[in-house]
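Visitor: I have a new model on screen and a few minutes. Can you walk me through it?

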Amino acid sequence: HIHLFTGSIGARRTAVALAPAGALFHFAAIGVWCTRHTGIFSDPGMPYSLVAFFLALGQVMANFVPRWSAVGSLSLPLAFVALSYAGVQQGPGGLESAGGTALLRPHVLVLLLGFCALALAFCLAVIYQLQSRLLKAKDVSGMFSRLPPLDSVANWAHWLAIIGFSMLTLGVITGTMAAPHALGAQWYSSPRLLPGLITSLVAWVIYAAYLGVSLGLGWRGRRTTYFLIAGFAVVLLAFFVSVGRHKGG
């Protein structure tokens, strides 16, 4: 944030140096945790911890491209929130305590990867909105010059949305396959599953609409970023509802 708002080179170099160190320590912590537990999803906080790690890893890779370190002003705070939420999850739970574990593991894994892709697409959508406003105001000498190129932001947001939507679709499919084993034949009416299912389907419709207008109608620019922002808000709700419902079995 300091570099983005003030242009401080020292702040940017410090942030770029700390990001891989933090991701490496986080990866080591996950590895140590796995050696002491029977399964990676036996802890209700582990899905959130993995989200934080994947977001940080994505930002580390983005930092190698000039001006893309600015994305960290959004992606790393999201990672921090996810990691903080993981730290307050307590008690028994996780997928290891639920039925149908063998099917639930790939279901949750693809949802985690999809969530991270959509989170990064959201970050780029917000940056695109900011850039558009700065460009409209003809303020291109300060913050605008420290942000990634506008076309690159739009292209990467689009591809991340496609990846995230594909993962979300796969997650819905694997979820419907796993649910009867974990919750029984009437799984679709289960209070444990229904909120997450509804929010996931709403998010799926929003991203499907985004792909429809961007690929089918050729929409580009600020209009499509609204879909990515709204879609991520629903995905965020679906993620916490779905993963939280698995806590405690």
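Guide: Let's start with a term. Rings of Phe, Tyr and Trp pair if their centres lie within 6.5 Å. With that in hand, F27, F53 and F54 form one aromatic cluster. Keep in mind that this is a predicted model.

Visitor: How are the rings of F53 and F54 set relative to each other, stacked or tilted?

Guide: Let me begin with the whole structure. A search of it finds six aromatic pairs. In one of them, Y48 and Y85, the ring centres are 4.7 Å apart and the planes stand at 70 degrees, so that pair is edge-to-face. Y48 sits in helix α3 and Y85 in helix α4, so the pair ties together parts 37 residues apart in sequence. Now to your rings: F53 and F54 have their centres 5.8 Å apart and their planes at 55 degrees, so they are tilted.

Visitor: Is F53 buried or exposed? And what about F54?

Guide: F53 counts as buried, at 10% relative accessibility. F54 counts as partly exposed, at 25%. The cut-off for buried is under 20%.

Visitor: Back to the tyrosines. How accessible is Y48, and how accessible is Y85?

Guide: Y48 has 1% relative accessibility, so it counts as buried. Y85 has a relative accessible area of 33%, which means partly exposed.

Visitor: At what angle do α3 and α4 pack?

Guide: About 160 degrees, with the axes 7 Å apart. Helix α3 covers residues 46-62 and helix α4 covers residues 72-87. The angle makes α3 roughly antiparallel to α4, because angles over 145 degrees count that way. The crossing of the two helices is left-handed.

Visitor: Which residues meet there?

Guide: From α3, the list is Y48, S49, V51, A52, L55, A56 and Q59. They meet G72, S75, L76, L78, A79, A82, L83, Y85 and A86 in α4. By type, the residues of this contact divide into twelve nonpolar, four polar and no charged.

Visitor: New topic. Where is Q129, and what does it contact?

Guide: Q129 is in helix α5, residues 101-136. Leaving aside neighbours within four places in sequence, Q129 is in contact with R222, T225, Y226 and I229. Q129 has 7% relative accessibility, so it counts as buried.

Visitor: And S166? Which helix is that in?

Guide: Helix α7, residues 150-183. S166 has a relative accessible area of 41%, so it is partly exposed. S166 and W204 are 38 residues apart in sequence, yet 9.6 Å apart in space, C-alpha to C-alpha.

Visitor: Zoom out. How many helices and strands are in the protein chain?

Guide: Nine helices and zero strands. From the N terminus on, the elements run α-α-α-α-α-α-α-α-α.

Visitor: How much of the chain is buried?

Guide: Of its 249 residues, 45% count as buried.

Visitor: Last one. What share of contacts join residues at least 24 apart?

Guide: 75%, among contacts in the protein chain between residues at least 6 apart in sequence.

How values were computed:
Residues are numbered from 1 along each chain as its sequence is written. This is a predicted model: local features need pLDDT of at least 70, side-chain atom pairs count only at pLDDT 80 or more; totals for chains, interfaces and linings use all residues. Side-chain values use heavy atoms; hydrogens and water are left out. Axes are lines fitted to C-alpha atoms, for helices over the stretch in contact, and angles run from 0 to 180 degrees between N-to-C directions. Helices (H or I, at least four residues) and strands (E, at least two) are DSSP runs, numbered from the N terminus. Angles under 35 degrees count as roughly parallel, over 145 as roughly antiparallel, 65 to 115 as roughly perpendicular and the rest as oblique. A crossing is left-handed if the near helix is turned anticlockwise from the far one by less than a right angle, and right-handed if clockwise. Contact means heavy atoms within 4.5 Å. Ala, Val, Leu, Ile, Met, Phe, Trp, Tyr, Cys and Pro count as nonpolar, Asp, Glu, Lys and Arg as charged, and the others, Gly among them, as polar. Buried means under 20% relative accessible area, exposed over 50%, partly exposed in between (1.4 Å probe, protein chains only). Rings of Phe, Tyr and Trp (its six-membered ring) pair if their centres lie within 6.5 Å; planes under 30 degrees apart count as stacked, over 60 as edge-to-face and the rest as tilted.
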